[in-house]
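Let's work through this model together, one exercise at a time. Have a look at the fold, then try each task before reading its solution.

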Amino acid sequence: MTQRFLIRATGSATPGQLAGLGKALATCGARLLDINQSVTFGIVDFEALVGLDHDASLEATLAEAGDHLGLDVQAIQVAAEDYHRWSAQASRPRLILTLLAPRLPAGILAEVGALTAEHGLTVELIHRLSGREPLGGTPLDGEVPEHGACVECWLRGEEVDLEALRERALALGAMHGVDIAIQEDSIWRRHRRLICFDMDSTLIQTEVIDELARRHGVFEEVAAVTERAMRGELDFQQSFRERMARLRGLDESVLAEIAESLPLMDGLERLMAHLKRLGYRTVILSGGFTYFARHLQQRLGFDEIHANELVIENGKVTGEVREPIVDADRKAALLAEIAEREGLRLEQTIAVGDGANDLKMLATAGLGIAFRAKPLVRQQARQSISTLGIDAVLYLIGYRHGDLEA
């Protein structure tokens, strides 16, 4: 009859320890069923689940190996019912919980631990994706750590109400100034290949139509309509035409002046550099204007742009745009069309936006991220980032800072 043992070994990490433990297990005739090893601050934690089909001096052999290797080694027999329970849990879907903030307060761990326990979830693994800044500490130079702090947790458990869990996580994160993202793990999570962005207040730190209105002396009128549209209180096409009408007569030279001074979103250049290097197709899907999207394309290398084309006659803005208008439905449809054209599944797509007119696009994508969005949008989107720059998208895809910068 097969006996199963959990082998645990801890101590100061040195070369050759895995070889020594493996040799000891082989001497006993053990079969390897599962294995895990990690080294944190120079301390190794080795765990292996092994099966034995006959009696063997397992504990004595491992103790001798541990003395030689400088490790504390334990062999814990695993009952059949415990093994079957572990096997069943390992087959359940995994959730990925990601914590992001300029600095992560240590207290958030207790809060997240309580939240996951409430939903019957076990934390299988916690690891850091950000650079080696002290979590909850104060950097030596007194500055916020570059690119922020990010920790990823792997969770498993019984069927969970994912929407209720996300709602609680959103409220918890707001209390502590931390973004908490929860997504289902799958083979597609690190094999996404298309990323689509809104432009205004997502790629750039402004709403271009408001800047145009400011130059034309109608800022207050246009800004009020913009704000209502972003909150989802107005139909996008109706509000868009209303704002455009107020720009009639604006000189074309103003567009060039604004394009040259567009303030890029924090982290955008770093994000684009890595996305291009990693082979992503990058697209702007904007309810703004092609004039400015084309400027960003030339500056940062976006593969394609889809936005609204201003009608200009005799050097003046007419207040009209060419059809079709890029609204919420058009954004979602374009994302799906581009994915199909590129031979990609929707699970391989990412969408990033901040407004109510981005929600359908965010829902269509495999990973939809509300970036520095209004409360309504954060609540309805599956994921959101509010505390870091837009390059934090790389953390949600699962990339480590060290791997990207190597």
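**Exercise 1.** In which loop is F41 found? Describe its backbone and its exposure too.

Solution. Before we start, the model is predicted, so local features need a pLDDT of at least 70 and side-chain atom pairs count only at 80 or more, while totals for chains, interfaces and linings use all residues. Residues are numbered from 1 along each chain as its sequence is written, and side-chain values use heavy atoms, leaving out hydrogens and water.

Step one: F41 sits in the loop between β2 (31-40) and β3 (43-52). Strands here are DSSP runs of E with at least two residues, helices are runs of H or I with at least four, and both are numbered from the N terminus. Step two: the phi of F41 is positive, about 50°, although F41 is not a glycine. Step three: with a relative accessible area of 80%, F41 is exposed (exposed is over 50%, buried under 20%, partly exposed in between, using a 1.4 Å probe and protein chains only).

**Exercise 2.** Where does pLDDT stay under 50?

Solution. pLDDT is the predictor's confidence in each residue, from 0 to 100. The chain averages 90, and 94% of the residues score at least 70. The stretch to pick out is residues 138-142, where the model has 3 contacts beyond four places in sequence (a contact means heavy atoms within 4.5 Å). Where pLDDT is low, predicted coordinates should not be read in detail.

**Exercise 3.** At what angle do α1 and α2 pack, and which residues make the contact?

Solution. Start with the geometry: α1 (residues 17-27) and α2 (residues 58-69) pack at about 160°, their axes 9 Å apart. Axes are lines fitted to C-alpha atoms, for helices over the stretch in contact, and angles run from 0 to 180 degrees between N-to-C directions. The two helices are therefore roughly antiparallel (that label covers angles over 145 degrees). Next, the residues: Q17, G20, L21, A24 and L25 of α1 meet L58, T61, L62, A65 and L69 of α2. By type, this contact has 7 nonpolar residues, 3 polar and no charged (Ala, Val, Leu, Ile, Met, Phe, Trp, Tyr, Cys and Pro are nonpolar; Asp, Glu, Lys and Arg are charged; the others, Gly among them, are polar).

**Exercise 4.** Which residues of α11 are buried, and what covers them?

Solution. The buried residues in α11 are T290, F292, A293, H295, L296 and L300. Their cover includes α6 (208-216), α9, α10, β10 (281-289) and β11 (304-308). Now zoom in on α9: this helix (residues 252-260) packs on α11 (residues 290-300) at about 35°, with axes 10 Å apart. L255, A256, I258, A259 and E260 of α9 meet Y291, F292 and H295 of α11. That contact divides into 6 nonpolar, 1 polar and 1 charged. After α11 comes G301, with a positive phi near 85°.

**Exercise 5.** Is R270 buried or exposed, and what does R270 touch?

Solution. First, locate R270 in helix α10 (residues 268-277). R270 counts as buried because its relative accessibility is 15%. Leaving aside residues up to four places away in sequence, R270 touches H147, D391, L394, H401, L404 and E405.

**Exercise 6.** Which residues does a cis peptide bond join?

Solution. The bond links E323 and P324, with omega about -5°. P324 lies in the loop between β13 (316-321) and α12 (328-341).

Definitions and conventions. Parallel < 35°, antiparallel > 145°, perpendicular 65-115°, else oblique.
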